[in-house]
Amino acid sequence: MLLLKKLPSVREPRLYLSMERTYLAYLKFLFIAFGTGILSKKMTLLLTALHFYGLVPFFQDLYRLLTWPVLVLLFMVFYFFVRDLRYINHGAPVTSKEIQDPRIYFSAERTFLSWIRAGISIVIFGFVMEKFDFFLTKLALMMHRVITLQASFSGMDVIFLMLGVFNIAIGLWGFLLTVKQVDQGAYHPHHKLYGFYGLVLFVCLSLLSYFLV
């Protein structure tokens, strides 16, 4: 993080794009960790149904470790992204010749691919959570017993799926804006895009927090 290291800054497109990729990696990792925590809670239901009680405490501890702490870290990542963005904005400007650099187009492409990777990862975890619920339901029918699914978890797979698709759409939008601006020789950070994504992310995190209560 630029702000923590007190590094010199310039308002250069590649620096903004590199920061995007860094924070996207944080978001992808934390969402995968959160999804793993939810799956751990569902594993306790499966293990209890199969009478494997010895592993239940481990998955319960994993659930507690990867849910609320990860949600707090997700809010912190968004906060530090805003701080780093402001820090770069106070850097020295660059000329239009430096902006119209072929390397910036490649950097924009790498950033777009990072958005796609993050979106696909979140979508995959959404499908995994949905299929795991389906598996538990079918297992309960085969065993002729009731496996109670926690009702508050029922909407989390939908949130993951929608957020993953939204991630890809936002990445495409940002890529097209970046290419257009670089073609014109005047790059400006996508504050409105960041704000819109931050609002959607805040709503999703708030819903996830509500489901955990």
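**Reading accessibility and helix faces**

Tutor: At 25% relative accessibility, Leu45 counts as partly exposed, since buried means under 20% relative accessible area, exposed over 50%, and partly exposed in between (1.4 Å probe, protein chains only). Leu45 belongs to helix α2; helices (H or I, at least four residues) are DSSP runs, numbered from the N terminus. This is a predicted model, in which local features need pLDDT of at least 70, side-chain atom pairs count only at pLDDT 80 or more, and totals for chains, interfaces and linings use all residues. Residues are numbered from 1 along each chain as its sequence is written, and side-chain values use heavy atoms, with hydrogens and water left out.

Student: Which residues of helix α3 are buried?

Tutor: An α-helix has 3.6 residues a turn, so residues three or four places apart point the same way. In α3 (residues 56-65), the buried residues are Val56, Phe59 and Tyr63. Seen down the axis of α3, they fall within an arc of 70°, so they line one face of the helix; the arc is that of the directions from the helix axis to the C-beta atoms. Phe58 and Leu65, on the other side of α3, are exposed.

Student: What covers the buried residues of α3?

Tutor: The cover includes α2 (13-49) and α8 (191-212), where contact means heavy atoms within 4.5 Å.

Student: How far apart are Leu45 and Phe106 in sequence and in space?

Tutor: They are 61 residues apart in sequence and 47 Å apart in space, C-alpha to C-alpha.

Student: Is Phe75 buried, partly exposed or exposed?

Tutor: Phe75, in helix α4 (residues 68-89), has 32% relative accessibility and therefore counts as partly exposed.

Conventions. Helix = DSSP H or I, 4+ residues; strand = E, 2+ residues; numbered from the N terminus.
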